[in-house]
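Trainee: Please take me through this model one feature at a time, giving the general idea before the particular case.

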2 protein chains.
Amino acid sequence: MTLKKSWVESANSAETDFPLNNLPYGVFATEGTAPRCGVAIGDMVLDAAAAEAAGLIALEGGPLLQSGAWNPVMGAGAAVWKDLRRQLVTLLSEGAAEAEALRPMLVPLAGATLCMPFAVTEYTDFYASKNHAFNVGTMFRGPENALPPNWLSIPIGYNGRASSVVVSGSDVRRPWGQLKAPDAELPIFAPCKRFDLELEMGAIVGTPSSGPVSVAEADDMIFGYVLLNDWSARDIQAWEYQPLGPFQAKATATTISPWIVTKAALEPFRAPTPPRERELLPYLAEPGPMLYDIDLSVTLTPAGGVENTISRTNYTNMYYSAAQQLCHHTTSGCSMRVGDLLGSGTISGTEKDTRGSLLELSWGGKEPITLDSGETRSFLEDGDTLTLYGAAQGDGYRVGFGACAGTLLPALDDPFAR
Amino acid sequence: MTLKKSWVESANSAETDFPLNNLPYGVFATEGTAPRCGVAIGDMVLDAAAAEAAGLIALEGGPLLQSGAWNPVMGAGAAVWKDLRRQLVTLLSEGAAEAEALRPMLVPLAGATLCMPFAVTEYTDFYASKNHAFNVGTMFRGPENALPPNWLSIPIGYNGRASSVVVSGSDVRRPWGQLKAPDAELPIFAPCKRFDLELEMGAIVGTPSSGPVSVAEADDMIFGYVLLNDWSARDIQAWEYQPLGPFQAKATATTISPWIVTKAALEPFRAPTPPRERELLPYLAEPGPMLYDIDLSVTLTPAGGVENTISRTNYTNMYYSAAQQLCHHTTSGCSMRVGDLLGSGTISGTEKDTRGSLLELSWGGKEPITLDSGETRSFLEDGDTLTLYGAAQGDGYRVGFGACAGTLLPALDDPFAR
């Protein structure tokens with residue numbers, strides 16, 4: 001695939017995240033206006049709500065772009081997803097007859113406030129990059145017992161908290177929680193001291209289901225993908241997570257990137273999951289390549305400092321695909337709904353600088369990383385801004401996600417003061 | 001407190017779950033009509049939507065009773081909750097001037113189909129009855145290590161799946177899942193063989209929050225309570241739950257009773273949590289009695305057979321109250337929303353016949369229970385109907401929940417056939 005040319009000049013650069021090949025879906029506001037559906041193109045946002053209101057976009061069952069969230073489009077079904085993309089490509093292609101009518105509906109990205117692109121119905125997080133599971137397991141149980149016995153059979157997942165999901169740019173407040181030092185008998189209630197990020201991808205369920213669905217059906221149900229930072233309080237987690245899993249350690253915030261990159265835009269970049277080390281049960285067999293070749297990176301910017309890249313990895317480091325995770329999620333008969341969000345789990349490569357969390361990068365705090373300024377980090381410090389980036393690289397163009405950023409604010413003095 | 005008399009005669013019996021003292025909120029439909037808000041009174045349902053439409057009920061910010069769910073009332077705030085209850089007591093009291101106008105708005109309970117009383121926003125389940133935790137821990141780790149080290153400090157909870165919550169009367173399909181026999185090396189994908197019930201209470205969040213809330217504030221946020229059966233696939237759970245907690249084992253279904261018994265109706269029955277075996281951290285201190293004296297029971301009715309009571313217990317067997325659980329839930333900054341549902345965790349007493357799950361009643365299947373017919377049960381069999389009952393006993397009246405029932409259907413032949 002090569003770059004498709006648009007009449008929006010900035011979309012024709014090899015450097016933009018948002019060429020005509022991408023057309024990701026977001027929700028934006030400008031000063032004094034309500035949040036509305038938009039489509040990123042180069043350094044502009046097309047006001048898709050305005051285009052629909054003007055009759056330049058017409059969707060079956062519409063209007064679908066007027067609610068300030070993409071859930072109505074998702075709920076309209078895969079035929080509408082396809083038709084909308086076809087209409088957008090036509091409207092924004094070089095030489096489009098509608099260019100002059102659309103031009104007033106373009107808003108500079110730099111002047112737009114990006115909002116949550118969809119209402120998160122429920123949020124599930126997985127644990128599905130083998131390098132990550134191996135690293136964490138090695139730290140806690142040694143390399144021989146690093147992977148739990150079920151790990152090579154089950155795409156391990158747990159339910160997260162949908163109310164914790166926020167859009168890039170939202171500040172994150174360091175939480176309080178129960179902490180127990182390894183040598184202490186009893187816990188204390190105090191601000192988290194080991195606050196961390198987790199580099200993940202999020203898959204968005206666009207088609208609902210009731211009852212079990214196959215991997216192929218699951219893949220068809222996915223509307224698109226976002227970057228996802230699953231902020232994690234490691235010390236809260238260590239004390240609380242046995243026997244029923246992480247709870248408050250993962251409930252402070254989960255940041256997603258503001259643009260939903262559609263599955264359609266990612267099609268040229270499909271890549272297989274790695275060879276199976278243990279044969280999977282037949283229900284998890286994949287009908288084709290279900291991952292995507294997406295380069296990912298994490299930067300850390302201390303308050304007033306410069307941006308440091310602390311990790312570079314790729315989505316193909318996943319052992320299980322989102323389609324496999326979604327299929328497994330439904331095996332018990334669990335219904336899935338429009339707007340469900342599935343976190344991939346932390347994505348780590350094999351090399352040290354490809355690890356997707358500070359827990360792994362600093363090896364549990366024993367090997368702090370050094371920033372350009374000479375400062376070190378085992379875990380996050382107040383004022384740190386963490387940014388995830390992701391893009392699939394085409395021939396002379398890329399399909400990017402935009403930034404997924406959040407700044408860590410200091411803990412409250414008294415968490416119960418209202 | 002004694003019985004308050006109503007002009008609805010059947011509400012004046014000591015045997016009804018729904019005297020004037022109760023006035024629980026549900027959603028009902030009759031043949032050919034859409035689900036609408038109703039209030040149970042004796043053996044009737046007051047069509048509250050009709051009463052509001054006729055101007056007999058008037059609420060600030062209303063109409064609030066026309067949506068087929070109680071979420072708008074919850075979201076209107078505690079002053080509206082109080083005002084609605086006051087209006088209902090007036091309307092339904094003996095001698096009320098409005099009796100004749102209201103009589104046509106009464107529908108026999110026997111002819112009403114009961115629907116989900118509210119939209120479940122997110123669902124969290126806890127593990128907070130000490131006897132239950134001790135029983136389960138003893139089975140898996142022996143009595144010395146029965147309670148996890150954090151259990152006496154943390155109201156342990158995990159996020160469940162809101163899409164799994166169904167109303168009493170909904171059938172439940174035996175799930176498929178990954179099962180690994182203790183002596184097998186690898187799992188198989190097969191129908192669950194150890195399907196179980198869990199007797200719980202559910203607390204419904206009516207007031208949203210952002211940031212941590214105290215136990216007292218948490219108590220104020222609770223709108224009401226329901227009975228809750230957290231159906232559990234024990235064999236799926238055993239293989240999947242380490243390290244991140246139960247997932248598909250708990251996602252098949254969670255059945256709630258159809259009537260929300262308001263906190264106001266339960267006020268006369270407040271009871272304290274038991275003495276602390278380890279001093280709680282100050283943030284979990286209770287400003288007063290936060291449990292309720294509610295008798296609970298479970299019956300099992302085999303297909304075509306008679307109803308057997310298999311457990312009798314009381315809500316005061318909880319170690320942590322719903323207010324403590326909700327407070328803990330917010331410590332990390334986790335936002336709570338209108339319609340969030342909190343399961344108490346399985347409620348077990350100290351005696352064998354007060355245990356709230358078959359896992360405990362049959363001691364992991366080693367001591368099957370015997371039904372009146374001579375049949376035995378270690379876990380549930382296809383066709384079994386499980387029913388939970390609950391009521392607080394007043395002086396000559398009771399505040400009951402109605403039945404919380406579900407019948408287990410056989411597993412699908414092929415879970416992926418569509």
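Trainee: Where does Pro415(A) lie, and is it buried or exposed?

Mentor: Pro415(A) belongs to the segment after β27 (404-409) of chain A, where helices (H or I, at least four residues) and strands (E, at least two) are DSSP runs numbered from the N terminus. Because its relative accessibility is 5%, Pro415(A) counts as buried; the term means under 20% relative accessible area, with exposed set at over 50% and partly exposed in between, using a 1.4 Å probe and the protein chains only. The C-alpha atoms of Pro415(A) and Pro191(A) are separated by 9.3 Å, although these residues are 224 apart along the chain.

Mentor: Please keep in mind that this is a predicted model, in which local features need pLDDT of at least 70 and side-chain atom pairs count only at pLDDT 80 or more, while totals for chains, interfaces and linings use all residues. Residues are numbered from 1 along each chain as its sequence is written, chains are lettered from A and ligands numbered from 1 in the order in which they are written, and side-chain values use heavy atoms, with hydrogens and water left out.

Trainee: Which element holds Leu358(B), and how far is its C-alpha atom from that of Glu198(B)?

Mentor: Leu358(B) sits in helix α10 (residues 358-361) of chain B, and it is buried because its relative accessible area is 0%. Its C-alpha atom is separated by 8.0 Å from that of Glu198(B), a residue 160 positions away along the chain.

Trainee: What should I look for in the backbone around Leu23(A)?

Mentor: Look at phi, which in Leu23(A) is positive, about 55°, although the residue is not a glycine. Leu23(A) lies in the segment before β1 (25-29) of chain A and, because its relative accessibility is 0%, counts as buried. In chain B, Leu23(B) has a positive phi near 55°, lies in the segment before β1 (25-29) of that chain, and counts as buried because its relative accessibility is 0%.

Trainee: Which peptide bond involving Pro63(A) is cis, and which one involving Pro243(A)?

Mentor: A cis peptide bond joins Gly62(A) to Pro63(A), with omega about 5°, and Pro63(A) lies in the loop between α1 (48-53) and α2 (71-76) of chain A. The bond from Gln242(A) to Pro243(A) is also cis, with omega near 5°, and Pro243(A) is in the loop between α7 and β16 (254-256) of chain A.

Trainee: How is a pair of aromatic rings described?

Mentor: By the distance of the centres and the angle of the planes. Here rings of Phe, Tyr and Trp (its six-membered ring) pair if their centres lie within 6.5 Å, and planes under 30 degrees apart count as stacked, over 60 as edge-to-face and the rest as tilted. The structure holds 32 aromatic pairs over all chains. Among them, Phe126(A) and Phe247(B) are edge-to-face, with 5.9 Å from centre to centre and 90° between the planes. This pair crosses between chains, from strand β6 of chain A to the loop between α7 and β16 (254-256) of chain B, and both Phe126(A) and Phe247(B) are buried. Elsewhere, Tyr25(A), Trp70(A), Trp81(A) and Phe223(A) form one aromatic cluster.

Trainee: Which strands pair with β25(B)?

Mentor: In a regular strand the side chains alternate between the two faces of the sheet. Two strands pair if DSSP finds at least two bridges between them. Strand β25 (residues 385-393) of chain B pairs antiparallel with strand β20 (residues 295-301) of chain B over seven bridges, and four bridges join β25(B), again antiparallel, to strand β27 (residues 404-409) of chain B. Leu386(B) in β25(B) stands opposite Leu300(B), and it also stands opposite Gly406(B) in β27(B). Strand β26 (residues 398-400) of chain B pairs with β25(B) in the antiparallel sense over three bridges, one of them setting Ala392(B) against Val399(B). β25(B) and β26(B) form a hairpin with four residues between them, and Gly396(B) in the turn has a positive phi of about 80°.
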